[in-house]
Amino acid sequence: MFRVIETEGSQGADKAASPVAEDLVVYGKSDQRLRTTAVRVGAETVIGTDERVRVFDTDKYPWRMVAALNISARPPLGVSGVGTGWFIGPKTLLTAGHCVYSKTDFDGWAGTIEVSPGRNGAKFPFGTVTATRFSALQAWQDDVDPDFDIGCIHLDQPLGDTVGYFKLASLTDRDLENSMINISGYPADRGAGTEQYFHVNRVLRTSARRVYYDIDTYGGQSGSPVWYQAGPNDEPVAIAVHAYGIAGTPSGFGITANSGPRLLPEVVETIREWLALP
Amino acid sequence: MGRIACVLHVTDQGGRPLAGMMLVVEQASAPVPEMAYVTDDAGGARLGLPPGPAVIRFFRGDYSRRVTLTIEDAPDRTYEVVLDDA
């Protein structure tokens with residue numbers, strides 16, 4: 001039997017929400033997609049017309065819970081990368097597993113990750129902290145399985161108490177069916193990973209371990225939160241971690257979609273263990 | 001086919017290394033995560049790519065170019081990338 005496992009969310013120190021969030025964020029469920037066509041044009045993961053919207057008030061809730069990541073490999077490798085993470089607790093961010101652990105990119109664990117919550121170009125409303133401790137699902141480490149591409153960043157500072165953190169929930173297939181979902185992150189093609197962009201649409205379909213959607217994303221948005229919100233006065237609930245573009249969707253599905261691994265009950269259980277780490 | 005570690009050496013037409021160039025894999029023969037990479041002082045970048053054709057987009061400021069590489073099933077091979085007008 002499917003168990004719905006949750007973690008707690010927080011609005012952070014300043015309860016005032018972004019005034020534009022109410023207009024941008026989509027809520028609840030819908031029988032209609034927000035766009036009727038999804039034609040692959042050029043870039044792998046911007047589907048049809050690029051409809052991403054830049055978020056400017058990134059110092060406000062909920063945007064400030066999303067952080068730009070600058071990732072560096074351990075010496076002697078000089079590798080660096082750009083990704084996205086988001087707070088799930090006072091000292092913990094969730095991201096894609098490949099942002100913290102990759103045999104091909106980092107020869108194992110990343111060395112350091114600079115975390116900048118709500119970064120807005122040259123503005124760092126909550127500063128930048130450097131993390132050196134990470135976790136990733138064992139199946140990602142062992143098998144590089146995209147279905148398990150989830151990891152986390154452990155901070156020494158309780159920055160999440162200030163910026164807030166997402167609630168997680170392992171929603172069922174039925175819960176996810178027709179759900180309107182939201183993604184915000186830091187793409188490389190606009191602002192070089194320094195500006196936050198947002199887009200929305202409906203869940204196209206689910207598989208046992210992934211959720212698929214025709215929401216525009218781009219490289220650098222790996223690790224972004226995929227969240228559901230029942231209504232304007234309800235809290236955002238993260239249900240997946242964005243990680244893959246169109247090529248990650250099986251052709252047999254007959255859809256043009258990006259995707260991310262779902263936060264299934266056993267995954268949320270593991271994340272709870274990560275949250276409990278010092 | 002899984003991804004294998006590849007090294008890119010990115011230079012301008014004069015052979016000078018291009019540091020701080022951002023790159024993203026836009027298309028490949030198998031799923032590639034949506035991460036972006038940045039070249040180091042020597043113009044180098046290391047990333048996992050599946051064997052076969054790969055379309056990689058390079059950015060720096062207003063500059064943008066797409067390059068198609070043919071990735072071989074040879075781990076840690078270095079691919080020379082020469083960007084015009086960079």
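Start with the largest pocket, which holds about 310 Å³ of space. Keep in mind throughout that this is a predicted model.

**Stop 1: the largest pocket**

Select Trp140(A), Val144(A), Pro146(A), Gly2(B) and Arg3(B). Of the 18 residues in the lining, these lie nearest the pocket's centre. Now colour the lining by class. Ten residues are nonpolar, five are polar and three are charged.

Next, show the secondary structure of chain A. Select β5 (101-102), α3 (103-106) and α4 (138-143). Each of these elements gives the lining at least two residues. Then colour chain A by domain. Domain 1 (21-60 + 166-272) and domain 2 (66-164) each contribute at least three residues to this lining.

**Stop 2: Phe148(A)**

Move along chain A to Phe148(A). Look for this residue in the loop between α4 and β10 (151-154). Which residues does Phe148(A) touch, leaving aside those up to four places away in sequence? Select Leu137(A), Ala139(A), Trp140(A) and Arg209(A) to see them. Trp140(A) is also one of the residues nearest the centre of the largest pocket.

Now draw a distance from the C-alpha of Phe148(A) to the C-alpha of Leu159(A). The two are eleven residues apart in sequence, and 26 Å lie between them in space.

**Stop 3**

**Stop 4**

Select Ala17(A), Tyr61(A), Gln229(A), Pro232(A) and Asp234(A). They lie nearest the centre of the second largest pocket, which is lined by 16 residues. The volume here is about 270 Å³. By class, the lining splits into nine nonpolar, four polar and three charged residues.

**Stop 4: backbone details in chain A**

The peptide bond from Tyr61(A) to Pro62(A) is cis, with omega near 10°. Pro62(A) sits in the loop between β1 (53-54) and β2 (66-72) of chain A.

Go on to Pro75(A) and Pro76(A). The peptide bond that leads from Pro75(A) to Pro76(A) is cis, and omega is near 10°. Find Pro76(A) in the loop between β2 and β3 (80-89) of chain A.

Now select Asn178(A). Its phi is near 65°, a positive value in a residue other than glycine. The loop that holds Asn178(A) runs between α6 (173-176) and β12 (180-185) of chain A.

**Stop 5: the sheet in chain B**

Switch to chain B and show its strands. Look for an open sheet of three strands, in the order β4-β1-β7, with mixed pairing. Which strands stand at the edges? Select β4 (44-49) and β7 (77-83): each has a single partner strand, so one side of each is left without a neighbour in the sheet. Turn the view to compare strand directions. On average, neighbouring strands of this sheet are turned by 35° against each other, direction ignored.

Finish on strand β1 (residues 4-12) of chain B. This strand runs antiparallel to β4(B), and six bridges join the two. For one pairing, select Ala5(B) and look across to β4(B), where its bridge partner is Gly48(B).

Note on methods. Residues are numbered from 1 along each chain as its sequence is written. Chains are lettered from A and ligands numbered from 1 in the order in which they are written. This is a predicted model: local features need pLDDT of at least 70, side-chain atom pairs count only at pLDDT 80 or more; totals for chains, interfaces and linings use all residues. Side-chain values use heavy atoms; hydrogens and water are left out. Two strands pair if DSSP finds at least two bridges between them. Helices (H or I, at least four residues) and strands (E, at least two) are DSSP runs, numbered from the N terminus. Axes are lines fitted to C-alpha atoms, for helices over the stretch in contact, and angles run from 0 to 180 degrees between N-to-C directions. On a 1 Å grid over the protein atoms alone, a cavity is a set of points where a 1.4 Å probe fits but cannot get out, and a pocket is an open set with protein on both sides within 12 Å along at least five of seven lines; lining residues have an atom within 4 Å of a point. Grid points are joined across faces, edges and corners, and a volume is the space filled by probe spheres set on the points. Ala, Val, Leu, Ile, Met, Phe, Trp, Tyr, Cys and Pro count as nonpolar, Asp, Glu, Lys and Arg as charged, and the others, Gly among them, as polar. Domain bounds come from an automatic or database domain assignment. Contact means heavy atoms within 4.5 Å.
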